[in-house]
Amino acid sequence: MCGRFTLAVDAAELEAAFALASQVRLEPRYNIAPTQPVPAVRLGPGGRELAELRWGLIPRWADDSKIGHRLINARAESVAEKPAFRDAFRHRRCVVPATGFYEWRKEGKRKLPYLVRRRDGAVFGIAGLWERWRGPTGPVESCTLLTRPAAGPVAQLHDRMPVALRPDELGPWLDPAADPDGASLALPFDTDAWEAVPVNPAVNDPKHEGADCIEPFDADAGPPSSR
């Protein structure tokens, strides 16, 4: 699964990496959690745009927005058939930019977090779906992140991982007419380009959002010194 991720990148780099049609303003974020607003790239009238979506997809037919708490991820293998996702799969796709995502390894009573990132530090896109739900106080736009079987360094931590798209896969995924069956979701994962680094256990608390979340951590040395 993907339950926490980071996005700490210069706005100009983000604009270039995703060929956005307009300039964006962006603050670095080191511990993005479900139900929070996340930036997502989608196709708009003028080309690719960066929208702010709530993480946790709320289907159009939902009676209560709380269903989104359970729909933060969607399995790539079945997303085309699942009632909660199939309409968005056919018509409303997005890509969520990230610079890393977290997975945990249990050692005794401790859960040690690892930051999975590209070795070159580049921003990448996670395949997603978005939806617009009309609630009692107005419309809510939300999204889910797609996952696939884990590979490479992630396989040592969890059995699932986000669908990380290469730059040349962004266009086909965003346009359902170009990739109606979602073939880009099944392309091989470039395992050599990724690494998993143990980081500060402070990230275990979703309320902790500082840059120290991604500090390297030596599990044998004990907790990092406080500041």
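**Charges, fold and burial in a predicted model**

Me: How many positive and how many negative side chains does the chain have, and what makes a side chain count as one or the other?

Reply: The chain carries 30 positive and 31 negative side chains, and the centres of these two sets are 6 Å apart. Lys and Arg are taken as positive and Asp and Glu as negative, while His and the chain ends are left out of the count; each charge is placed at NZ of Lys, CZ of Arg, CG of Asp or CD of Glu. The model is predicted, so local features require a pLDDT of at least 70 and side-chain atom pairs a pLDDT of 80 or more, whereas totals for chains, interfaces and linings draw on all residues. Residues are numbered from 1 along each chain as its sequence is written, and side-chain values use heavy atoms, without hydrogens or water.

Me: How do you know whether the radius of gyration agrees with that of a compact globule?

Reply: The globule rule is 2.2 Å times the number of residues to the power 0.38, with the radius taken over C-alpha atoms. For 227 residues this gives a value near 17 Å, and because the chain has 17 Å, the two agree. Along the principal axes, the C-alpha atoms fill a box of roughly 50 × 40 × 35 Å.

Me: Why is arginine 70 called exposed?

Reply: A residue is exposed over 50% relative accessible area, buried under 20%, and partly exposed in between (1.4 Å probe, protein chains only). Arginine 70 has 63% relative accessibility and therefore counts as exposed; its place is in the loop between strand 4 (47–55) and strand 5 (73–75).

Me: Is proline 113 buried or exposed, and which residues is it in contact with?

Reply: Proline 113 has 1% relative accessibility and therefore counts as buried, and its place is in strand 8 (residues 110–118). Contact means heavy atoms within 4.5 Å, and, leaving aside neighbours within four places in sequence, the residues that proline 113 contacts include Glu103, Trp104, Val197, Pro198 and Asn200. Asparagine 200 is 87 residues away in sequence, yet the C-alpha atoms of proline 113 and asparagine 200 are 7.2 Å apart in space.

Me: Why is alanine 151 called partly exposed?

Reply: The relative accessible area of alanine 151 is 21%, and so the residue counts as partly exposed. Alanine 151 lies in the loop between strand 10 (138–149) and strand 11 (160–162), and it touches Met161, Phe189 and Thr191, not counting residues up to four places away in sequence.

Me: What makes threonine 35 partly exposed, and where is it found?

Reply: At 40% relative accessibility, threonine 35 counts as partly exposed. Threonine 35 is found in the loop between strand 2 and strand 3 (37–44), and it has a positive phi of about 80° although it is not a glycine.

Me: Why does alanine 177 count as exposed?

Reply: Alanine 177 has 69% relative accessibility and therefore counts as exposed; its place is in the loop between helix 3 and strand 13 (194–198). The C-alpha atoms of alanine 177 and histidine 91, which are 86 residues apart along the chain, are separated by 8.8 Å.

Me: Which residues of helix 3 are buried, and how do you know on which side of the helix they lie?

Reply: In helix 3 (residues 167–174), the buried residues are Glu169, Leu170, Trp173 and Leu174. They cover an arc of only 125° around the axis, and therefore lie on the same side of helix 3, the arc being that of the directions from the helix axis to the C-beta atoms.

Note on methods: Helices (H or I, at least four residues) and strands (E, at least two) are DSSP runs, numbered from the N terminus.
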